[in-house]
Amino acid sequence: MLGRSAAGRPILLTRVGDRDAPRRVLVVGAVHGNEPAGRAVVRALRRGPAPRDARLWLIHDLNPDGGAAGTRQNAHGVDLNRNFPDRWRARGRPFSAHYGGPRPLSEPESRLAARLIRRLRPDVTIWYHQALALVDDSGAADRRVTAAYARVAGLPAKPVGLGFLPGIATRWQNRIQPAGSAFVVELPSGALAPAAVRRHARAVRAVAADPATLPAP
């Protein structure tokens, strides 16, 4: 277990693969409670097989309170993907669409994720969202990684196109660890079909490979 949410629910962390594997890959199944489809991909990854030469660190759901309530925000009404330190802004109020909290990392969920990222320093991090059906290639250090994911998953790789967003996790992560590649996968709306879950699990295993083995985008 990684820790507990604002309302005390467990936030589950699973490790899959060889402890001594040279590459570390972090996957976050959900950060918004009303965008839960990525949790099915995490469940599939937990069942294996483990990728070669990489160890997976799997957060099933960073926002179990929002998942239980069906809300984008956590139990404090904070959008966790606006609560990270990079260019955080005070805006909105609790339970408004993009309320970033009273200060950066005010929420136990975002603090848990930030501590894990600083300790683990993953080579690749995938954050699942919904529902734009694309792989956001605007921030990852190595676009071979996002291109490989998109190719295997059957999604386009392109910028998410929502303009500047304050306090988001991937931009903070890519700033503090410029050699890593943290990016967003926007899944389609609704639950993923079993075949789609398998494709996305294969895509995670594909990008767990050394980028030197991936074709150029």
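Modeller: Buried means under 20% relative accessible area, exposed over 50%, and partly exposed in between, with a 1.4 Å probe and protein chains only. The model is predicted: local features need pLDDT of at least 70, side-chain atom pairs count only at pLDDT 80 or more, and totals for chains, interfaces and linings use all residues. Residues are numbered from 1 along each chain as its sequence is written, and side-chain values use heavy atoms, without hydrogens and water.

Colleague: Why does Trp127 count as buried?

Modeller: Its relative accessibility is 1%, and the cut-off is under 20%, so Trp127 counts as buried.

Colleague: What makes Phe84 and Trp127 an edge-to-face pair?

Modeller: Rings of Phe, Tyr and Trp (its six-membered ring) pair if their centres lie within 6.5 Å; planes under 30 degrees apart are stacked, over 60 edge-to-face, and the rest tilted. Here the centres are 6.1 Å apart and the planes stand at 85°.

Colleague: Why is the pair of Phe84 and Trp172 called tilted?

Modeller: The ring centres are 5.6 Å apart and the planes are at 40°, so the pair is tilted. Phe84, Trp127 and Trp172 form one aromatic cluster.

Colleague: Why are α4 and α6 called roughly antiparallel?

Modeller: Axes are lines fitted to C-alpha atoms, for helices over the stretch in contact, and angles run from 0 to 180 degrees between N-to-C directions. Angles under 35 degrees count as roughly parallel, over 145 as roughly antiparallel, 65 to 115 as roughly perpendicular, and the rest as oblique. The axes of α4 and α6 cross at roughly 150°, so the helices are roughly antiparallel.

Notes
Helix = DSSP H or I, 4+ residues; strand = E, 2+ residues; numbered from the N terminus.
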